[in-house]
Amino acid sequence: MKKISQEQPVSYNLLDHKELWWVLLVFLLLLVSLFLNLGLAPLKHEEPRRALISLEMLFRNNWIVPTEFGEYYYKKPPFFNWVIIAGFYLFGNYSEFAVRFFPILSFIGMGLLVFWVGRKHISMAFGVYSGLLTLTMVDVLYYFSATAGEIDLFYSFITLASFFTIFHFYEKQQYYLLFASTYFLGAIGTLTKGLPSLVFLALSLGVFFLYKRELKKLFGLAHITGILLFIVIVGGYFWWYSQYNALEGFYASDESLWSQASERTMLRNQLLELIPHLFTFPLITLKNIAPASLLVIFLFRKNLIASFAQNRLISFCFFILMANLLVYWISPGTRSRYVYMLYPLAVMLLTYGYLSYPAAKMRGRKIFGKIVMGLIALSLVASMLMPFIPPLANLEYIALKSVLVAIAIGALLFFYLKRPQYALLQLIALAVIIRLVFATTVLPIRATEGSEATDKKDARNIVNIVDDAPLYMYAHQNISRTTVFYIEQAREKVLSFSSEPKTGSFFLVQKEALENQKYQIFYTFAYDNQEFVLIQFK
């Protein structure tokens with residue numbers, strides 16, 4: 001096989017005209033799987049908090065100052081809340097689908113970005129496969145895409161785009177556009193999640209220009225222009241915010257932007273937590289980017305580093321990935337969702353390793369093919385067992401679903417046996433089929449079972465009792481944000497705190513906090529193993 005260079009892009013002879021039609025079909029099914037039943041399950045984890053703050057900005061008619069329970073919220077600037085509000089306006093409601101719509105589009109945007117950059121700078125085959133593998137990363141596809149109303153998919157899309165603007169405009173030698181676009185996206189990221197964007201900006205630009213041996217570009221007028229644009233955007237927002245409230249809370253409180261950033265790093269973690277994290281972090285990362293991580297077997301060859309070095313985009317991905325990943329590698333407070341924007345870079349490296357694998361070395365491809373065939377066969381057996389799995393057994397039409405899934409996977413297995421050279425596309429297709437199964441089985445279960453479904457039911461019962469009467473949270477007590485979101489969604493009013501026992505008003509309160517006060521209980525519910533009650537003081 002000839003050496004790969006920037007001038008001679010990777011070629012992959014399986015991506016012929018017919019293959020492109022199969023790719024298009026898989027992509028369309030993937031889109032269906034991501035949006036199917038997207039709004040069915042109640043909001044969970046951090047979703048209700050993001051949606052709740054967005055509702056309060058709407059109900060208070062103030063899009064500049066975020067609040068939670070009517071009190072100032074300092075942990076995040078409001079850009080992502082504006083994204084959620086855009087979903088509310090687009091669909092004309094405050095539904096779960098509206099909350100999750102733009103974050104899911106952001107995830108799709110990540111895949112399309114990888115495709116566009118890969119196709120433009122390497123080859124169509126590379127763009128297609130790295131893009132599809134980005135969109136089938138298991139941690140997002142089967143977990144986070146179902147709770148997409150959290151901040152991280154949108155933030156990852158913005159941050160990933162800022163990486164690619166560095167490379168794209170550097171290739172064109174358009175430095176003003178490079179710094180302006182990168183700092184613009186960095187400003188949006190800062191107004192979305194705060195300080196992490198500054199770290200991504202500094203590390204990415206610094207390492208890239210150090211690698212290119214052009215550090216002087218960081219002292220030029222183009223870079224200064226980018227910095228000024230960043231200051232105008234971010235500074236403009238905080239100046240506007242200061243017209244309503246003091247800025248001190250963003251840096252001086254325990255619930256500030258700084259506390260959010262530092263809790264993810266070594267600043268708040270001990271050495272004993274670091275040592276195991278150093279070993280588990282790479283393994284967790286490989287798990288999270290599966291099935292792309294199966295391509296790691298194609299990296300075990302002598303000329304790998306030389307192959308990477310010969311392509312400018314792949315070299316860029318390697319250095320940006322290593323520079324930014326190191327911060328999280330030494331930070332035991334890291335969660336997988338914090339580094340979603342780095343996963344596509346790893347996927348691109350793995351895809352390149354697969355596509356550039358020497359044709360003469362057939363052993364690696366045979367091993368990979370056997371792994372794919374084994375996964376398809378295991379999935380076929382699992383599809384036949386669906387009616388006998390306890391959580392699925394009571395689902396409507398589960399037997400029919402089992403038959404349809406078995407037919408689809410059986411056809412995929414037949415396709416593999418006839419065309420084993422298409423193993424990578426078949427692996428991606430298997431991931432998409434399983435995501436369709438997830439959307440039609442797991443999401444309906446979540447809609448009716450689990451703590452979030454109970455919280456949503458409690459909210460509806462509380463709203464039916466209270467109607468339009470005044471309702472408050474008594475004192476500053478921790479309560480399910482899911483419950484509060486659905487209360488505010490139904491009443492279209494902010495549920496605020498009050499420590500004054502007003503007669504004629506309803507209060508949500510932890511029962512043990514009532515002590516010797518006189519009250520009447522209208523409803524009882526639980527959160528975090530604590531008993532809560534809906535009361536009126538006498």
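This is a predicted model: local features need pLDDT of at least 70, side-chain atom pairs count only at pLDDT 80 or more; totals for chains, interfaces and linings use all residues.
User: Which residue stands opposite Leu471 in strand 5?
Analyst: Strand 3 and strand 5 (residues 506-510) run parallel and are joined by three bridges; two strands pair if DSSP finds at least two bridges between them. Within strand 5, the residue opposite Leu471 is Phe506.

User: Which residue of strand 4 is the bridge partner of Tyr474?
Analyst: Strand 4 (residues 497-498) runs parallel to strand 3, and two bridges join them. The partner of Tyr474 there is Ser498.

User: What is the strand order of the open sheet, and which are its edge strands?
Analyst: The sheet is open, has five strands and shows mixed pairing, in the order 4-3-5-7-6. Two strands pair on one side only, and these edge strands are strand 4 and strand 6 (519-527).

User: Which residue in strand 7 stands opposite Leu508?
Analyst: Strand 5 and strand 7 (residues 530-537) run antiparallel, joined by four bridges. Opposite Leu508 stands Leu534.

User: Which residue in the turn between strand 6 and strand 7 has a positive phi?
Analyst: Strand 6 pairs with strand 7 in the antiparallel sense over eight bridges, and Tyr519 stands opposite Phe537 in strand 7. The two strands form a hairpin with two residues between them. The turn residue with a positive phi, about 55°, is Asp528.

User: Is Ile465 buried or exposed, or in between, and which residues does Ile465 contact?
Analyst: Ile465 is found in helix 21. Its relative accessibility is 32%, so Ile465 counts as partly exposed. The C-alpha atoms of Ile465 and Phe506 are separated by 9.6 Å, with the two residues 41 apart along the chain. Leaving aside neighbours within four places in sequence, the contacts of Ile465 (heavy atoms within 4.5 Å) are Phe506, Phe522, Tyr523 and Leu534.

User: How are helix 1 and helix 20 oriented, and how far apart are their axes?
Analyst: Helix 1 (residues 17-35) packs against helix 20 (residues 423-448) at an angle of about 25°, where axes are lines fitted to C-alpha atoms over the stretch in contact and angles run from 0 to 180 degrees between N-to-C directions. The pair is therefore roughly parallel (under 35 degrees; over 145 is roughly antiparallel, 65 to 115 roughly perpendicular and the rest oblique). The axes of helix 1 and helix 20 lie apart by 9 Å.

User: Which residues of helix 20 does helix 5 meet?
Analyst: Helix 5 (residues 124-135) packs with helix 20 at about 25°, their axes 10 Å apart, and the two are therefore roughly parallel. From helix 5, the contact uses Tyr129, Leu132 and Leu133. In helix 20, they meet Leu424, Leu425 and Ile428.

Terms used:
Residues are numbered from 1 along each chain as its sequence is written. Side-chain values use heavy atoms; hydrogens and water are left out. Buried means under 20% relative accessible area, exposed over 50%, partly exposed in between (1.4 Å probe, protein chains only).
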